[in-house]
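Please keep the sequence and the model in view while reading.

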Amino acid sequence: MSALTTPFGFSSTATEVAQGIDLTGRRAVVTGACSGLGAATAHALAGTGAEVTLAVRDMTAGERVAKDITGSTGNQEVRVAHLDLTDPASVTAFTTAWEGPLHVLVNNAGVMACPEKYTEQGWEWQFATNHLGHFALTTGLHGALAADGAARVVVVSSTGHQQSPVVFDDVNFAFRPYDPWLAYGQSKTAGVLFAVEATRRWAGDNITANALMPGAIYTDLQRHTGGRGSGRVPAHLIKTVEQGAATSVLLATSPLLEGVGGRYFVDCNETEVIDRRSGTLHGVARYAVDPDNARRLWTLSEQLRSRSGL
């Protein structure tokens, strides 16, 4: 299977990759759309005519962004709904309230390298936010996605996944000393594996899921790292928010991605599978696209929720 390539690349913007795309009558959800990549992604999707729901924790900020998007695009179908990915009740409320089909789900929200913290269920905070919350959201919306007949799920991962595979026997750092970057890496690996298994499991519903690395962008995601992420990315590789959102928007809208799933993209193109840490922002670790790991993670995710009575 050859890697999928597109006319777009590192410098492409969300607006450029969405140019000429008409999603009028279609519906999209973007998590974490209060600022940064989520807001830019939502803006580009609204520009295609889609009905866009900003799924956010901060409703005031979400309403402000929605108003800005409507003002600049003229799209009156921009909505805001509350969603806290670390709160299972909030996720259930969101999925239960959703009515009708869903065509695009962008799992964008996330945290990076935060101090050691756990949810009420005992789940490590980054794994809970970046993976388990989105797992519950996406599976809870499965019926709505299946109703479309060609829905897409977009998972925002990171080159940080190369920091760690999913440590299945200790995802919550019950036995390992907590390390914020290993926790982040594990959670981002989980996102890629989720895309692999969702595509396989839901093939009969024509639902596809792909994961991506948006690039190095300075946003609120870096609030736990002094505002500059790992601090190891050269200045010439830093993207604007509009450039960072481009790959998400491409996966959500491009005809080139019709029927394509279970893959990992960087700079708007599928990247190579690697067996050693690349030292660049490209490459997807073999363990992150391994089908057996993907099935195991799905089972573990279901078990973690079940043990908590959810």
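The largest cavity is lined by Leu85, Pro88, Val91, Trp123, Ala128, Leu132, Gly133, Ala136 and Arg305, where a cavity is a set of points on a 1 Å grid over the protein atoms alone at which a 1.4 Å probe fits but cannot get out, and lining residues have an atom within 4 Å of a point. This is a predicted model, in which local features need pLDDT of at least 70, side-chain atom pairs count only at pLDDT 80 or more, and totals for chains, interfaces and linings use all residues. Residues are numbered from 1 along each chain as its sequence is written, and side-chain values use heavy atoms, with hydrogens and water left out.

**Cavities**

- The largest cavity holds about 40 Å³ of space, a volume being the space filled by probe spheres set on grid points that are joined across faces, edges and corners.
- The count comes to 4 cavities of 30 Å³ or more.
- Helix 5 gives the largest share of the lining of the largest cavity, 4 residues, and helix 4 (88-97) and helix 5 each supply at least two; helices (H or I, at least four residues) and strands (E, at least two) are DSSP runs, numbered from the N terminus.
- The lining of the largest cavity divides into 7 nonpolar, 1 polar and 1 charged residues, with Ala, Val, Leu, Ile, Met, Phe, Trp, Tyr, Cys and Pro counted as nonpolar, Asp, Glu, Lys and Arg as charged, and the others, Gly among them, as polar.

**Packing of helix 5**

- The axes of helix 5 (residues 125-140) and helix 7 (residues 180-201) come within 7 Å and cross at roughly 20°, where axes are lines fitted to C-alpha atoms, for helices over the stretch in contact, and angles run from 0 to 180 degrees between N-to-C directions.
- That crossing makes helix 5 roughly parallel to helix 7, since angles under 35 degrees count as roughly parallel, over 145 as roughly antiparallel, 65 to 115 as roughly perpendicular and the rest as oblique.
- Residues making this contact (heavy atoms within 4.5 Å) include Gln126, Phe127 and His131 of helix 5 and Pro180, Tyr184 and Phe194 of helix 7.
- The residues of the contact of helix 5 with helix 7 divide into 7 nonpolar, 6 polar and 1 charged.
- The axes of helix 5 and helix 10 (residues 291-307) come within 11 Å and cross at roughly 90°, and these two helices are therefore roughly perpendicular to each other.
- On the helix 5 side, Phe127, His131, Leu132, Phe135, Ala136 and Thr139 meet Leu297, Trp298, Ser301, Glu302, Leu304 and Arg305 in helix 10, and the residues of this contact divide into 7 nonpolar, 3 polar and 2 charged.

**Positive phi values**

- Most residues other than glycine have a negative phi.
- Ala113, in the loop between strand 4 (104-107) and helix 5, has a positive phi near 50° and is buried at a relative accessible area of 8%; buried means under 20%, exposed over 50%, and partly exposed in between (1.4 Å probe, protein chains only).
- Asn206, in the loop between helix 7 and strand 6 (208-213), has a positive phi near 60° and counts as partly exposed at 46% relative accessibility.

**Two buried residues in helices**

- Ser248 lies in helix 9 (residues 246-253) and counts as buried at 3% relative accessibility; leaving out residues up to four places away in sequence, Ser248 touches Thr41, Val154, Val156 and Leu212.
- Gln243 lies in helix 8 (residues 241-244) and counts as buried at 15% relative accessibility; aside from neighbours within four places in sequence, Gln243 is in contact with Phe10, Ser11, Ser12 and Thr13.

Note on methods:
1 Å grid on protein atoms, 1.4 Å probe; cavity = no way out; pocket = protein on both sides within 12 Å on 5 of 7 lines; lining within 4 Å.
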